[in-house]
Amino acid sequence: MSLNTPKEIALLAVQAGVAKSRLSTGNLLVLGFLAGAFIALGFLLDIHVIGTLPGSWGSLSALLGAMVFPLGLILTVLAGGELLTGNMLLLPMAWFARRIRLLAVLRNFFWVTLANLLGALAVAYCFGHLLGLTEGAFLAKTTAIAQAKIAASFMQAFISGVGCNWLVCLAVWLAFAGKDVTGKILAMWFPIMAFVAIGFQHVVANMFILPAAVFAGTLEWAQLLPNLVAVFLGNLVGGAVFVGLGYHLAYRPGKQAAEREGASVPL
């Protein structure tokens with residue numbers, strides 16, 4: 001077949017989670033930095049597409065920006081990167097299948113979160129602030145996006161995070177279906193475009209846009225943490241539960257993985 005079936009994807013996801021759990025700290029930091037920067041570059045492109053469009057364009061403006069935002073995940077998956085939100089699917093699936101320990105999941109999340117933050121901050125400061133690519137003519141849009149995100153209550157940001165990573169992890173899931181570059185790109189494009197057009201919140205994307213507003217002087221650092229915590233937790237539920245646990249229960253890939261790799265790993 002020209003694509004992998006959902007049952008085959010479930011096994012591939014478990015195997016990917018196991019492989020990610022075994023990466024060295026150095027690899028996690030380098031690949032995590034790159035992924036954080038890739039997502040930030042996708043957001044930067046989004047801002048430059050919509051930043052100077054007239055307000056009368058309404059939702060069409062948001063759709064145009066959403067159409068280019070998928071660049072970040074495409075670079076992460078095809079060029080290589082460790083992205084927290086995608087790992088919120090793959091590592092838990094490997095844990096549900098009893099192929100890795102919970103400590104390995106937490107270790108990966110810790111280092112990848114830190115590295116993604118550093119990559120996003122680097123783009124926000126160097127390209128956004130020093131080059132002025134999120135300021136000047138684009139400052140109003142940067143500030144409006146950032147203010148809208150922090151204006152959400154904790155529960156609103158959490159639920160928005162759930163919706164976001166449900167779609168992001170479905171994009172990652174569909175990428176496993178494709179067996180060629182074109183198929184993978186098309187599979188990822190539409191779920192990512194959908195979450196951006198809807199306005200859901202992505203913790204790594206917020207690690208870029210919120211600091212960009214801080215560097216521009218329109219936000220304070222203290223305003224960031226409540227949002228990032230709420231969106232992180234929502235993204236975790238969206239990826240690990242709505243996608244990972246759902247497909248684990250549907251396809252039980254742990255048995256297939258155990259047969260291929262040996263006995264299960266204790267929790």
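Predicted model: local features only at pLDDT ≥ 70, side-chain atom pairs only at ≥ 80, totals over all residues.
The side chains of K20 and E82 meet in a salt bridge, with 2.7 Å from N to O. The cut-off for such a nitrogen and oxygen is within 4 Å, so a pair at 2.7 Å makes the list. Here's the general idea: side chains of opposite charge can pair when their charged atoms come close. Now find the two partners in the structure.

How many of the residues of α5 are buried? The count is 11 of its 13, so "buried" here means under 20% relative accessible area and the helix is mostly covered. If you'd like to find them, the buried residues include L84, T85 and G86 at one stretch of the list, along with M88, L91, P92 and A94.

Just after α5 you run into R98, with something to notice in its backbone. Its phi is positive, at about 60 degrees, although R98 is not a glycine. Why point that out? Because most residues other than glycine have a negative phi. R98 is found in the loop between α5 and α6. With a relative accessible area of 34%, R98 is partly exposed.

There's another residue like this further along. R252 isn't a glycine either, and its phi is also positive, near 45 degrees. You'll find R252 in the loop between α11 and α12, the latter covering 253–261. R252 has a relative accessible area of 49%, which makes it partly exposed.

Next, look at how two helices pass one another. Helix α2 (residues 25–50) and helix α6 (residues 102–130) have axes that come within 6 Å and cross at roughly 45 degrees. That angle makes α2 oblique to α6. The crossing of α2 past α6 is right-handed. What classes of residue make up the contact of α2 with α6? It has 17 nonpolar residues, six polar ones and one charged one.

Q15 lies in helix α1, and at 25% relative accessibility it counts as partly exposed. Q15 and D180 are 165 residues apart in sequence, and their C-alpha atoms are 19 Å apart in space. Now pick out L249, whose place is in helix α11 (residues 224–251). L249 counts as partly exposed too, at 48% relative accessibility. From L249 to S153 is 96 residues in sequence and 32 Å in space, C-alpha to C-alpha. Trace both pairs on the structure and you can see sequence distance and spatial distance side by side: 165 residues with 19 Å for Q15 and D180, and 96 residues with 32 Å for L249 and S153.

Notes. Residues numbered from 1 in each chain as written. Heavy atoms only, no water. Buried < 20%, exposed > 50% of the residue type's maximum accessible area, 1.4 Å probe, protein only. Helix = DSSP H or I, 4+ residues; strand = E, 2+ residues; numbered from the N terminus. Axes fitted to C-alpha atoms, helices over the stretch in contact; angles between N-to-C directions. Parallel < 35°, antiparallel > 145°, perpendicular 65-115°, else oblique. Left-handed = near helix turned anticlockwise from the far one by under 90°. Nonpolar A, V, L, I, M, F, W, Y, C, P; charged D, E, K, R; others polar.
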